Amino acid sequence: MIPQLVTVRHRRANGRWLRFYVPVLPVLLVLSPLLLLAVLGGLIACRIFRVSAPGALRGIGRLLWALPGSRFEIEEGRMAFLVSVR
Amino acid sequence: MNEHRRQILEMLAEGKITADEAERLIDALAREQPGSPPGTASGTKGRPKYLRVVLNSEDDSGLDGPTRMNIRIPLQLLRAGVRLTSLIPPQALTQVNAQLAKSGVPIDLTQLKPQHIEDLVEHLDDIIVDLDEPGSKIQVFCE
């Protein structure tokens, strides 16, 4: 399952929280033209550096699929930064 | 399981151990035998899914409060990352080897096979690192 929602939270020094909820699929759809260009660029780079393009695509796919469940939280004094992928 | 927990609580009530020690024992007990979550019934023990790194530091040197870090990484993500390393072209590996040798670290990365790293990730399940210092505590474990 690819990530569906990425939550980014940031607590500033003044104690106020900034929250971003990023729905991955809609964002990917909106950015799909750019993504297509990026994939093309990646394929060309693979050809230049003689890296297996299907292998690279598979590897990136696996990384994406494995992302849900990741959580990253850092609090330092009044500052805090949290990222969670669901 | 409940028996062990009760024993710990009794020891705490009798003053044989401190509250911190009791908490640590209960944590260790919970880690030793995680309650069988749904979907992990296969095998003798539930396979851990995440690598956790937890840091709690009360030492607020120069900062206006304690430092806390809580990282949870799916083991599957580590495996996927490890598999990506097999895509590094051999020319790049030889260049890295040369630079490592120049820096006094003679490690031959071409000898590092993806299977070896995968085995390493497989056996991460058994890792528990518990560092306790006055004012800070670091834990690395799988759950």
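Among contacts in chain A between residues at least 6 apart in sequence, what percentage join residues at least 24 apart? The share is 40%. The model shown in these views is predicted.

View 1. Read from the N terminus, they follow the order β-β-α-α-α-β-β. Chain A has 86 residues, and 6% of them are buried. A residue counts as buried here if 20 or more other C-beta atoms lie within 10 Å of its own.

**View 2. Strands of chains A and B form an open sheet of eight strands.** Its order is β2(A)-β1(A)-β4(A)-β3(A)-β2(B)-β1(B)-β4(B)-β3(B). The pairing is antiparallel. From one strand to the next, the twist averages 5°.

**View 3. Two strands stand at the edges of the sheet.** They are β2 (17-23) of chain A and β3 (128-133) of chain B. Each has a single partner strand, so one side of each lacks a neighbour in the sheet.

**View 4. β3(B) pairs with strand β4 of chain B.** Strand β4 of chain B spans residues 136-142. The two strands run in the antiparallel sense, and six bridges join them. Within this pair, B:Leu131 stands opposite B:Ile138, a residue of β4(B).

**View 5. Helix α3 of chain B packs on the sheet.** This helix covers residues 75-84. It touches three strands of chain B: β1 (50-57), β2 (67-74) and β4. The helix direction makes about 65° with that of β2(B).

Notes:
Residues are numbered from 1 along each chain as its sequence is written. Chains are lettered from A and ligands numbered from 1 in the order in which they are written. This is a predicted model: local features need pLDDT of at least 70, side-chain atom pairs count only at pLDDT 80 or more; totals for chains, interfaces and linings use all residues. Helices (H or I, at least four residues) and strands (E, at least two) are DSSP runs, numbered from the N terminus. A residue is buried if 20 or more other C-beta atoms lie within 10 Å of its own, exposed if 12 or fewer, and partly exposed in between; C-beta atoms are placed from the backbone. Two residues are in contact if their C-beta atoms, placed from the backbone, lie within 7 Å. Two strands pair if DSSP finds at least two bridges between them. Axes are lines fitted to C-alpha atoms, for helices over the stretch in contact, and angles run from 0 to 180 degrees between N-to-C directions.
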